[in-house]
Structures are given as structure tokens and as C-alpha cells.
Amino acid sequence: MKKTMNGEEKLYVMRILMKERGYDAYIIPHEDQHNNEYIAESDERIKFISNFSGSNGIGLVTKDIALMWTDGRYFIQIEKELYPGWKMKKMGEDETLSKYILKNLPKHCTIGMDFSLFSQERAKSMKIILKDYNFIDDVNNIIDDVWGTLKPKYNANKVLILPVEFTGSSVFQKYNIIDSSLQDIINSNEVLKNVKNYRMLISRLDDIAWLLNLRGNDIPYNPVFFSYALFCKNSNNEFCTKLFINKNKVDSPEIIKYFKENKI
């Protein structure tokens, strides 16, 4: 959508898209694809659709209701911020989202949600409790489609190299720390104990920043940068990290040299 909409218009358009996609309900988490609590403006989907700007919330929208759960830090704030048409639910006092669904939505109805915004643990728990409901992965995030061209862009600022005098350990020292921990796990498992090479996927942004001694400013007040990493060890005991990131963020002679030196 190109024009600026008020809260009621956003909810109206969202419900039209839900009907088109066959969703009876839609769940909106606050997290991003890296399970961060504090997120970039581009990922503030709850804030966009409901106007609630707190760091903890989860929303549920059906054709009749729009509910937003949050914790005690935000009870006063959320009452002031929510658009007309939304109702607050208090975490720890009201029923949970899952219990609300069990009590109020008919079994076998279809619930849309963007699976990439839920940790595996959280999604698994929810699907066990709500086993009689049909969950659909909303790959083309419905909130993003309502947001349209007005959705903020991620910044393309380059990552920063943090000198070892501030990090305490070099990248290769951290490679060895990780390898030592993983070897303990491998050696304690009969199936894995003969494994000589491996790959470990890292999705948490603070872990990647720590491992590679790099910093960024993709999220306000958080020195991280959007990326995924694959930490690798081959059969010759050689380490490297494959970093999946916007190329523009690492496109400078200094960073390219640093990556080469640290097998990134």
C-alpha cells in the first residue's frame, strides 16, 4: 500500500488479505528472524499494525478481534498507544494466547504466521498445545504487504572491526574455544565421536559479532549487524567461517583484508 493509513484502515486491509489467503486468524510476534527482542525499524511489525512500541508483545487478529499481549512493564504504555480496534491482554494475568485460541477459536481453523519469526522451540511448543489447528507459513509476510513501499529499509552501513585489545581474544583464539567445546560434545556421543569435520550454523547476531570481532549498527542501541554464519572445520583441522551478509556492508579494502586473514 502506498498511501499513509490510520490504524483502522491498516486493520481493515490486513483482514482483506487474511481472507484472500484463507486465514481465520493471524499471529504477530515481536521478534525478527534472529530472535532478537530489540529490533530494527523495518521489523517493527507490531508497532506498524497496532501502534504499540514496547519490546515485548504478541498479537492475534481474526475477522472480529485484534488482541495484543504484553508484560507488566508496558500495561500503562500500551493502553495509550494501541490503535482503535485493538484490545490489551496482560501477560501473567489474562489467559495466554494459546489458551485464548483454545477457548475462543473453533478447532481445525487456519492460523497464519510467519514461521521465520518464531524460534523452533517456541513454534514447537505452540503447535503441540494447538495441535487441532492448521498452521500456515505466511512466507510473504502479511504485515509487510500492508506496509508496502512505506516500509523502512535496512541500513547498509559497513561493519566495524573491533581491535583485539577491546575483544580480549583474536578470531582464531575464539575458533579454538568453540572447537574445544564442540569436541567435548562430539567425543561424548558414540555416533559422532569419529567425526573429523563439521559445520555449525549461527543465527544469533550477538554470537556472530562476538566470534568475528565485528560490530554494526543495524539495530538501534545494539552493536550488531544482520547476517548468518557457518563455522566450519575440515578434516585437516582448518577453521573458517562462511558469512552470509549484504555484500555492501563488507565491501572495503580493510574489511576484505581482515576477512582473508581470519578465514572469513
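Visitor: How many helices and strands does the chain have, and what percentage of the 264 residues is buried?

Guide: In this predicted model, the secondary structure of the chain consists of ten helices and eleven strands. A residue is taken as buried when its relative accessible area is under 20%, and of the 264 residues in the chain the buried ones make up 46%.

Visitor: Is E31 buried or exposed, and which residue's side chain does the side chain of E31 join in a polar contact?

Guide: E31 is found in the loop between β1 (25-29) and α2 (45-50), and it counts as buried because its relative accessibility of 16% falls under the 20% limit. Leaving aside residues up to four places away in sequence, E31 touches N36, I39, L117 and R122. Its side chain is joined by a polar contact of 3.0 Å to that of R122.

Visitor: How many aromatic pairs does the structure hold, and what is the geometry of the pair formed by F48 and W147?

Guide: The structure holds ten aromatic pairs. In the pair of F48 and W147 the ring centres lie 4.6 Å apart and the planes stand at 15 degrees, so the geometry is stacked.

Visitor: How many residues apart in sequence are the parts that F48 and W147 tie together?

Guide: Both partners are buried, since F48 has 11% relative accessibility and W147 has a relative accessible area of 7%. F48 lies in helix α2 and W147 in helix α6 (residues 142-147), so the parts tied together by the pair are separated in sequence by 99 residues.

Visitor: Are the rings of F52 and Y74 stacked or edge-to-face?

Guide: F52 sits in the loop between α2 and β2 (58-62), while Y74 sits in the loop between β3 (66-70) and α3 (75-81), 22 residues apart. F52 is buried, with a relative accessible area of 1%, and Y74 also counts as buried, at 12% relative accessibility. Their ring centres are 5.6 Å apart and their planes are at 80 degrees, so the pair is edge-to-face.

Visitor: What share of the contacts in the chain with a separation of 6 or more comes from residues 24 or more positions apart?

Guide: Among contacts with a separation of 6 or more, the share that comes from residues 24 or more positions apart is 65%.

Visitor: Which residues are linked into a cluster by ring pairs?

Guide: Ring pairs also build a cluster in this structure, and its linked residues are F172, Y175, Y198, F231 and F239.

Conventions:
Residues are numbered from 1 along each chain as its sequence is written. This is a predicted model: local features need pLDDT of at least 70, side-chain atom pairs count only at pLDDT 80 or more; totals for chains, interfaces and linings use all residues. Side-chain values use heavy atoms; hydrogens and water are left out. Helices (H or I, at least four residues) and strands (E, at least two) are DSSP runs, numbered from the N terminus. Buried means under 20% relative accessible area, exposed over 50%, partly exposed in between (1.4 Å probe, protein chains only). A polar contact is a pair of N or O atoms within 3.5 Å; within protein, one must be able to donate a hydrogen and the other to accept it, and residues adjacent in sequence count only if both atoms are side-chain atoms. Contact means heavy atoms within 4.5 Å. Rings of Phe, Tyr and Trp (its six-membered ring) pair if their centres lie within 6.5 Å; planes under 30 degrees apart count as stacked, over 60 as edge-to-face and the rest as tilted.
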